[in-house]
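User: I have a structure to look through with you. Could you walk me through a few of its local features?

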Amino acid sequence: MAQPDSKKIFFENLSGAGKAIAVLTSGGDAQGMNAAVRAVVRMGLYVGAKVYFIHEGYQGMVDGGENIREATWESVSSMLQVGGTVIGSARCKEFRTHEGRLKAAHNLVLRGITNLCVIGGDGSLTGANLFREEWSGLLGELVEQGVIDADAVQKYSALHIVGMVGSIDNDFCGTDMTIGTDSALHRIIEVVDAIMTTAQSHQRTFVLEVMGRHCGYLALVSALACGADWVLIPEMPPEDGWEDKMCQKLSATRSRGTRLNIIIVAEGANDRHGKPITSNYVKDLVVKCLGFDTRVTILGHVQRGGTPSAFDRILASRMGVEAVLALLETTANTPACVVSLCGNQSVRLPLMECVQMTQEVQKAMDEKRFEEAVKLRGRSFENNLKTYKLLAHRKPESELPHSNFNVAVLNVGAPAAGMNAAVRSAIRVGISEGHKMFAVSDGFEGFYKGQIKEIKWGDVGGWTGQGGSLLGTKRTLPAKHVDKIAEQMRENNINALLVIGGFEAFESLLQLYEARATYEELCIPMCMLPATISNNVPGTDLSIGADTALNAIVETCDRIKQSASGTKRRVFIIETMGGYCGYLASVGGLAAGADAAYIYEEPFDIRDLQANVEHLTEKMKTSIQRGLVLRNENCNENYTTDFIYQLYSEEGKGVFDSRKNVLGHMQQGGAPSPFDRNFGTKISAKAMQWVTKKLTETFRQGRVFANTEDSCCLLGMRRRALVFQPVVQLKEQTDFVHRIPKEQWWLKLRPLMKILAKYKTSYDVSDSGQLEHVVHNRPKESDASVAM
């Protein structure tokens, strides 16, 4: 199988031999903590270090004894899909005292532990940093007391600390997403979707209270993801008189024919004078002012529970591996760091810089500097708030600019969850910018047949949570009908085009760009948003719909694995979609804890298959009861799912039996995940703002004329930024025969899956995080914030 360049193979240079790493979870639990613990243990063992669990957080470190136990490979099996933290977490008053930390230091030295991986919130990480700063002093005291000898001080002179933020509130500055946030959003959105059906039946208003005592992230993003009518968060208390404005908004929505209202309240919401705004206060207000039938639902600890989402499993696995790398590379002078996510990239940030900025947010809120508090929360939070305001609050007609531009929106290719959220966002932002918005049914097939009609603000209400494509979508490319398409553009006076779709959408834009030489009607700004479960579009790391498909795969894999619990040893061969792109198989494999994932991009032969079978046989004999093998549908025309199933069945005789499962179109259906709803909403808003800018730039002598490369773009997520890229320039980065980009970032995650499945493999650290500093205000153009 393809290996990374040997000069980048890290275990030749970074050995953990002779080192001891301890992992603990502290503070409130969060889904995904177990995935992080598993990754730390397996990566630590992989590099030759001894790894210890510290049970019950800092309390276990202070108490010592059986609370600090050596971890084995098998001890973290079957924990990837479990919510909470299996090693326990506890608040510990004793660790806050000097005597408590002295006991903890003694317990670590007894076992030779000088590397700590702490998974928790800012309080847990601040405590770890204090412990690190006091370390040499604590060892000196232990020598004076005669508990350890002077050699131990020399041998264990420095304590190294790496933090991972596990918190459902996403309240830690410096990272786009903390472990557990995405899963908490899943819980909230599941409840909101369920409540919407009953609210609609009875024409009710629902007030939902979500967690977030000091941070409104969950409230804000769930409001964005479900199209809530009003949201109340601690960072941005409403202006005085908000009660009347809210009631007017609810009343106006009802008068347009909507049968329900949703109001989301963060538990820490206050007004401008610091007075708490409770969910019951909001309910009483609605009943008193409007007489609407109103109910309150307090979600409470439901948000902390349940199985982690695919995003959290991948995030936690990546962070766990990164944390071990950071510990191996650290020196006595390296500051304690946090491994974090920025855009789609792992970064390392000084722990105390992040903690200080997190405290600055609270200070700004206490001092009523709310605008500043929002900015300090980071680009992701600020972007979410701007987008919510843009989409939720409709300006009166008199206040709207009048651009006289007509913009058409259409879906092309196979349906993907999140497409409707993107369409809704485009329509509403377009109307806010003063454009007349047109919806095209059934892609370019509908376009050339003239299925084009104006679409209004209220027409897209409730679209965010709908799966599939409400506009209708077809794979038809425009080349054969370009003359009729140009005619329809002329007849409807279309001045700009927004295409939301997969690889066919990319090919469509290329064809339209090339036809500009013949048809002047096509010389207009055109923008494409990638929306496909296969995630095979060039120019972007992520596509709308891929996260929902991953969650469907991971959920099914969990169920399939569970079906074999308590029975004899069994291996499941599971076929995923994706065309020739192995994204779903590879990333789904990482999130589901697969033993192997066969893909087209990494050629394999019968020897590789044989090695995989032998590897699984060995594991089955010694430890695991269930194996999971994923296969991309087009990975190899001869090694079919049936062939692999029969091979495993034959070779595993006497050790395990095999079962196969083709997931099929269930990967394409279902309600969009919170990630896809928000990703679709935000990139669509950004695309419409780009369209407005281009329309203004290219409007000359009474008409729009745009024929440059940069007026026909794809908006994609590239590492840390959202980037507009001319489709013509993406041609050379594309393998058109197999409909995939020539370079794909996620291939770097494949060795990670193999390491966590106990394979000896090479791991490329050229892309691992380097220590950076926390930036207060990032430049506007890098405003990616796609990790929601």
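Here are some questions and answers on a strand and on backbone angles.

Analyst: A quick note before we start: this is a predicted model, where local features need pLDDT of at least 70, side-chain atom pairs count only at pLDDT 80 or more, and totals for chains, interfaces and linings use all residues. Residues are numbered from 1 along each chain as its sequence is written, and side-chain values use heavy atoms, with hydrogens and water left out.

User: How many of the residues of strand 8 are buried?

Analyst: Strands are DSSP runs of E, at least two residues, numbered from the N terminus (helices: H or I, at least four). Buried means under 20% relative accessible area, exposed over 50%, partly exposed in between (1.4 Å probe, protein chains only). One side of strand 8 has N261, I263 and V265 buried, and the other has I262, I264 and A266 buried. Strand 8 (residues 261–266) is largely enclosed by the rest of the structure, because the buried count is 6 of the 6 residues.

User: In strand 8, which residue is the bridge partner of W230?

Analyst: Two strands pair if DSSP finds at least two bridges between them. Strand 7 (residues 230–232) runs parallel to strand 8, with 3 bridges. Within that pairing, the bridge partner of W230 is I263.

User: Is N535 buried or exposed?

Analyst: N535 lies in the loop between strand 17 (526–530) and helix 18 (546–562). Its phi is positive, about 55°, although N535 is not a glycine. With a relative accessibility of 3%, N535 counts as buried.
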